[in-house]
Amino acid sequence: MTQTSWDRTFFSTSSAPATTLTHDTGLLLLRLVVGLTMAGHGVMKLFGWYGGPGLTATGKGFTMAGYPAGDAMAVIAGLSETLGGLGLALGLLTPLAGAALTGIFINILDLRGFGAYFPPKGVELEVVLFAAVVALTLTGPGRFAVDHYLPVLRESRPRYSLLALMLGVVVGFIVLIIRD
């Protein structure tokens, strides 16, 4: 494949190829599980639901981890997880949901470190969730998603997916840089 045809294929603005019912059902299941898991983590931070720490304790945790303005960072993280997770679950603005969650996971993985992969102190779950977020951002949400009815996102998926992931990486690393 020549560079020119690769560019046209990869950055094409034409509609995505047809998918099967099982493909779209699998994407729906993955979106719901990963998205609602992330949204659940977000509301734990924001509201203390599901036995979560709430904003005050989460803000103190961010401050202890070296982030400036721990309370503000707690709100940003909680909103990113909640809105990113709900967006992923609904298949609504999936590239932006992927960007929000990508930035979160970059910071989570940096904080947790890579000293161990498997439990009790490993990052196994975080890596699997992050890989699922990236995969869903790249593949798109499938037919059973709000994005399926938004022509701009349906027709330009590769371009928006890559730009969104790059945005998430850049913002995630900027937040790491401002951390003490």
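For these notes, contact means heavy atoms within 4.5 Å. I am working from a predicted model.

**Overview**

I began with the secondary structure of the protein, which comes to eight helices and zero strands. Reading from the N terminus, I get α-α-α-α-α-α-α-α. I then looked up burial and found that 39% of the 180 residues are buried. For contacts with a separation of 6 or more, I noted that 66% are between residues 24 or more positions apart.

**Met73**

What does methionine 73 touch, once residues up to four places away in sequence are set aside? I find Phe62, Tyr67, Pro68 and Val175. Methionine 73 sits in helix H4. Its relative accessibility is 10%, and since buried means under 20%, I log methionine 73 as buried. I also checked lysine 60: its C-alpha lies 9.9 Å from that of methionine 73, and the two are 13 residues apart in sequence.

**Asn107**

Next I went to asparagine 107, in helix H5. Buried or exposed? Asparagine 107 is buried, at 8% relative accessible area. Not counting residues up to four places away in sequence, I list Tyr67, Gly172, Val175 and Leu176 as what asparagine 107 touches. Tyr67 and Val175 were already in my notes as contacts of methionine 73.

**H8**

I count its buried residues as Arg157, Ser161, Ala164, Leu165, Gly168, Gly172, Val175 and Leu176.

**H4 against H5**

I looked at how H4 (residues 70–90) and H5 (residues 94–112) cross: their axes come within 8 Å, at roughly 140 degrees. That makes me call H4 oblique to H5. I have the crossing of H4 and H5 down as left-handed. On the H4 side the contact is made by Ala77, Ser80, Glu81, Gly84, Gly85, Gly87 and Leu88, and on the H5 side by Thr94, Ala97, Ala100, Leu101, Ile104 and Ile108.

I checked the span of H5 too. Its 19 residues reach 26 Å from first C-alpha to last, close to the 27 Å expected at 1.5 Å a residue.

**H2 against H3**

How do H2 (residues 21–47) and H3 pack? I get an angle of about 95 degrees, with the axes 5 Å apart. H2 and H3 are therefore roughly perpendicular to each other. Met44, Lys45, Leu46 and Phe47 of H2 meet Gly54, Leu55 and Thr58 of H3.

- I place leucine 93 in the loop between H4 and H5, partly exposed at 40% relative accessible area.
- Proline 119 and proline 120 are joined by a cis peptide bond, and I noted omega at about 15 degrees. I find proline 120 in the loop between H5 and H6 (124–139).

**Ala65**

Last, I looked up alanine 65, in the loop between H3 and H4. Its relative accessible area is 26%, so I have alanine 65 as partly exposed. Which residues is alanine 65 in contact with, leaving aside its neighbours within four places in sequence? I find Leu111 and Arg179. Alanine 65 and leucine 111 are 46 residues apart along the chain, and I have their C-alpha atoms separated by 7.7 Å.

Terms used:
Residues numbered from 1 in each chain as written. Predicted model: local features only at pLDDT ≥ 70, side-chain atom pairs only at ≥ 80, totals over all residues. Heavy atoms only, no water. Buried < 20%, exposed > 50% of the residue type's maximum accessible area, 1.4 Å probe, protein only. Helix = DSSP H or I, 4+ residues; strand = E, 2+ residues; numbered from the N terminus. Axes fitted to C-alpha atoms, helices over the stretch in contact; angles between N-to-C directions. Parallel < 35°, antiparallel > 145°, perpendicular 65-115°, else oblique. Left-handed = near helix turned anticlockwise from the far one by under 90°. Expected span 1.5 Å × (residues − 1).
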